[in-house]
Amino acid sequence: MRRWWIVLWMVLLLGTPVGVLAQGADLNQAGLVVQFGDGTVATYCVEFSEPSISGHEALARAGFTLSAEYSALGAAVCKIENDGCQFPSDICFCQCNGTPCTYWAYHHLVDGEWHYSGFGASSYKLQHGEVDGWAWGEGSMLSLIH
């Protein structure tokens with residue numbers, strides 16, 4: 001767990017900006033962790049000038065190639081880079097038709113622990129200093145905290 005925190009805080013403290021960079025000193029920063037199906041983990045520090053951005057917007061500003069399905073409930077992330085389902089040619093949860101149900105699970109880091117999000121990525125408002133996590137799998141991010 002200690003190694004995970006060191007990597008994340010190095011990214012945040014070094015201020016490696018990804019996405020849109022606003023000029024000025026009043027930038028907000030949020031962490032973003034993405035665990036792909038092959039086990040690789042990518043970390044980003046996303047800068048934004050707004051008071052908050054959606055989790056979906058954080059993914060987009062990090063430069064990921066995304067596929068999402070939009071409805072009245074917001075955006076469901078179907079695919080990040082090469083992992084997932086290409087909506088609309090596939091249904092968004094195309095690999096969730098039985099067991100195992102594999103999809104992009106959305107989490108928030110709270111007090112050093114990952115918590116499954118009760119909100120969709122376009123509804124959750126990520127604020128300065130917060131960390132979002134995405135994992136391609138059966139809903140767990142346990143491998144990120146070991």
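Q: Which residues have the most contacts inside the largest nonpolar core?
A: This is a predicted model, and in it that core has 21 residues. Those with the most contacts inside it are Leu32, Val34, Leu59, Phe64, Ile80, Trp104 and Trp134.

Q: Which elements give two or more residues to this core?
A: They are strands E2 (28-35), E3 (41-48) and E6 (74-80), helix H2 (55-61), plus E8 and E11.

Q: What makes E8 and E11 count as paired strands?
A: Pairing takes at least two bridges, and 6 bridges join E8 to E11 (residues 131-137), so they qualify. The two run antiparallel, and His108 stands opposite Asp132 in E11.

Q: And what makes E8 and E9 a pair?
A: Here 4 bridges do the joining, against a cut-off of at least two. E9 covers residues 113-116, and the two strands run antiparallel. E8 and E9 form a hairpin with 2 residues between them, and Asp111 in the turn has a positive phi of about 50°.

Q: How many aromatic pairs does the structure hold?
A: It holds 8 of them.

Q: Why is the pair Phe36 and Phe64 called tilted?
A: The ring centres are 6.2 Å apart, and a pair needs them within 6.5 Å. The planes sit at 55°; under 30 degrees would be stacked and over 60 edge-to-face, so this pair is tilted.

Q: What parts does this pair tie together?
A: Phe36 lies in the loop between E2 and E3, while Phe64 lies in the loop between H2 and strand E5 (66-71), so the pair links parts 28 residues apart in sequence.

Q: Why is Phe36 called buried?
A: Its relative accessible area is 14%, and buried means under 20%, so Phe36 passes. Phe64, with 9%, is buried too.

Q: Why do Trp104 and Trp136 get the tilted label?
A: With centres 5.6 Å apart and planes at 50°, the rings make a tilted pair. Trp104 is in strand E8 and Trp136 in strand E11, so parts 32 residues apart in sequence are tied together. Trp104 is buried at 4% relative accessibility, and Trp136 is buried at 14%.

Q: Which residues form one aromatic cluster?
A: Phe36, Tyr44, Phe64, Trp104 and Trp136 do.

Definitions and conventions
Residues are numbered from 1 along each chain as its sequence is written. This is a predicted model: local features need pLDDT of at least 70, side-chain atom pairs count only at pLDDT 80 or more; totals for chains, interfaces and linings use all residues. Side-chain values use heavy atoms; hydrogens and water are left out. A nonpolar core is a set of buried Ala, Val, Leu, Ile, Met, Phe, Trp, Tyr and Cys residues joined through side-chain atoms within 4.5 Å. Buried means under 20% relative accessible area, exposed over 50%, partly exposed in between (1.4 Å probe, protein chains only). Rings of Phe, Tyr and Trp (its six-membered ring) pair if their centres lie within 6.5 Å; planes under 30 degrees apart count as stacked, over 60 as edge-to-face and the rest as tilted.
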